[in-house]
2 protein chains.
Amino acid sequence: MDPHLLRTYVTVARLASFSEAARELGYTQSAVSQHIAGLEQDLGAPLLTRRPVRPTAAGERLLEHAGPLLLRLDAARADVLRMASAPEHGLTLAVTPTALGPRTVAALPAAGVTLRALARADIPAAVATGAADLGLVDGLAAPSDPLRLPDVAPLTTCGVAEEPVCVLLPAAHPLARRPGLRLADLVDARWLDAPGAGLPLDRLHTAVGAGGVRTALRYEGTDLRTLTTLAAAGHGLTVLPHSFTTDVPGAVAVPLVAPRLVHRTELIHGGALRGPAAALAQELTERHGD
Amino acid sequence: MDPHLLRTYVTVARLASFSEAARELGYTQSAVSQHIAGLEQDLGAPLLTRRPVRPTAAGERLLEHAGPLLLRLDAARADVLRMASAPEHGLTLAVTPTALGPRTVAALPAAGVTLRALARADIPAAVATGAADLGLVDGLAAPSDPLRLPDVAPLTTCGVAEEPVCVLLPAAHPLARRPGLRLADLVDARWLDAPGAGLPLDRLHTAVGAGGVRTALRYEGTDLRTLTTLAAAGHGLTVLPHSFTTDVPGAVAVPLVAPRLVHRTELIHGGALRGPAAALAQELTERHGD
DNA sequence: GAGGTACATCAGTGTTGCTTATCGACAGTG
DNA sequence: CACTGTCGATAAGCAACACTGATGTACCTC
């Protein structure tokens, strides 16, 4: 199970071609063929069907393992390398759109910051591999409850903010006048599924049961403005942290009172914080404590 | 970053000796020395001090990565190998002491089961590497909230039981007559820290703040009877699922009403369930649903 | 300072892992 | 139905690698 073999395996599976994978990896087609043969012999089972090239059942399973495995490997290498190298001057911050609340924005230093918006699931990986110095992830959680993050590497997380979550309803919605909403009131509603821009709905799923959250429209972009516009136009409900629900024309934000969920933002970083990253982390965490 | 090099690195670090590690791994001392040198050259930083042999700062960091990494690697190999081999007859179940509630015990088949009691953190690893067919892990969580498990491999989890948690108090304790307890009532109390037998206290930590849960006595065994005896004798409080708190002489169990936590048990398994493992998993999950 | 222990280094060698070259299987084409 | 191009498997050759065994060197003990 040499990582090199694993790497060629995943590229072969991705490209569905031995020769293409060889080109991409800088090997000859022969070498790739031998890699796969070696892996299959090592594991005692065929991993790919040939012609067309497609993973077998065992191959599918291996693919599920291989991604995180190679990611961790990269993360480990990057992490140790980072310790030896000098601290850079710039500061790169990996964030989700909804993780950048007003308080966080205020804490950013005046210059020298690069913001990198990523999907929620990619932020730990970015921090682990050193693509970002710090990460800000957000999500729904029970009050003072840590978020569930994929652990690609030994990372440190600490909460930096918690605020109420609101349901964004069109102004004309029958429930828009309510002071607070229970999720149970909304079993018949349709939701906006916007994994890139909004908050993930899976937390609502677990709270209300699998069938309870039905999605009306899926938005694959990362723009919050679009999301709120869609919500105002009645294409579906969405949940957002309170500070993101002010000034949305045509829509009303009603706090979600049950289940007791908060919008939680966590700062995540690798081992040793140095330079401007340390200062920002200090700034962000000192108020919240947690 | 060859896994072989990583493996010799961790054994050298563990044994604090090149020669000892060589003996354990079946290499010559020379080979081990070359492995470490290769790794250090690859990463561009010394990983170990010699005489005495001890990890450097970068080495410590690498150690944190190496364990999970090698574990995942083993898990991947075992998982794929399992798909190719025939299903065995026996059924091995990895459990924590408090995960085996009365309903779970009732569902076990009459014969052919091996129970393996492990530390909470080792159960995912055992299931991932195939040391056990199924795992039962428990812990404290918000109602209908999944547990936080270390992800060593792509595993499937599903809830099988939730029940109230109780605080076990000596019968003479001033709060023993209360119908229910809030964690806030217990800020002055001392706790039993029993990671092997009882439930982990870290969940209480997050609920009440870092300083709020102070431990009086640490018990490193895995025997629940000892734990309840210690609690009854006033050596500290402990939290247990309700069904484990009946018939404890000299102690009274009072439900914990705030924060809203339940004792949750989850079944965890690898990819494809076959043979008796599938039957048991079916039996355990069909009632609870989740 | 002699002896012992423990890690580093060097030379030698068998194995591995790659490349080039060739083959067989298959699909599209005239 | 042969012709041709593509794709993966296989064979042979060669260079690099990863071991072993022997030797070197630092440090600790007595």
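E266(A) is buried, with a relative accessible area of 1%. Buried here means under 20% relative accessible area, exposed means over 50%, and partly exposed lies in between (1.4 Å probe, protein chains only). The model is predicted: local features need pLDDT of at least 70, side-chain atom pairs count only at pLDDT 80 or more, and totals for chains, interfaces and linings use all residues. Residues are numbered from 1 along each chain as its sequence is written, chains are lettered from A and ligands numbered from 1 in the order in which they are written, and side-chain values use heavy atoms, with hydrogens and water left out.

E266(A) belongs to strand β12 (residues 262-269) of chain A. Helices (H or I, at least four residues) and strands (E, at least two) are DSSP runs, numbered from the N terminus. The side chain of E266(A) makes a polar contact of 2.7 Å with that of R264(A). It also comes to 2.9 Å from the backbone nitrogen of L147(A). A polar contact is a pair of N or O atoms within 3.5 Å; within protein, one must be able to donate a hydrogen and the other to accept it, and residues adjacent in sequence count only if both atoms are side-chain atoms. Leaving aside residues up to four places away in sequence, E266(A) touches residues including G135(A), D145(A), L147(A), C158(A) and V160(A). Contact means heavy atoms within 4.5 Å.

In chain B, strand β12 (residues 262-269) is largely enclosed by the rest of the structure, because 8 of its 8 residues are buried. V262(B), R264(B), E266(B) and I268(B) point one way from the strand. H263(B), T265(B), L267(B) and H269(B) point the other way. β12(B) pairs with strand β5 (residues 134-141) of chain B in the antiparallel sense, over 8 bridges. Here D138(B) stands opposite T265(B). β12(B) also pairs with strand β6 (residues 156-170) of chain B, again antiparallel and over 8 bridges. There C158(B) stands opposite L267(B). Pairing requires at least two DSSP bridges between the strands.

The two protein chains meet through 40 residues of chain A and 41 residues of chain B. Together they bury about 3,600 Å², with 61% of it on carbon and sulfur atoms. In chain A, R61(A), H65(A) and V80(A) lose the most area to chain B, together 17% of what that side buries. Buried area is the accessible area (1.4 Å probe) that two parts lose on being put together, summed over both.

DNA strand D has 17 residues around it, and among the nearest are S19(A), S33(A) and T28(B). A residue is near a strand if one of its heavy atoms lies within 4 Å of it. Phosphate oxygens of DNA strand D lie 2.6 Å from side-chain N or O atoms of S19(A) and S33(A). For T28(B), a polar side-chain atom is likewise 2.6 Å from a phosphate oxygen. α3(B) gives the most to this surface, with 4 residues. The surface holds 4 nonpolar, 10 polar and 3 charged residues. Ala, Val, Leu, Ile, Met, Phe, Trp, Tyr, Cys and Pro count as nonpolar, Asp, Glu, Lys and Arg as charged, and the others, Gly among them, as polar.

DNA strand C has 18 residues around it. T28(A) places a polar side-chain atom 2.7 Å from one of its phosphate oxygens. Bases are reached as well: a side-chain N or O atom of S30(A) is 3.0 Å from a base oxygen, and one of Q29(B) is 3.1 Å from a base nitrogen.
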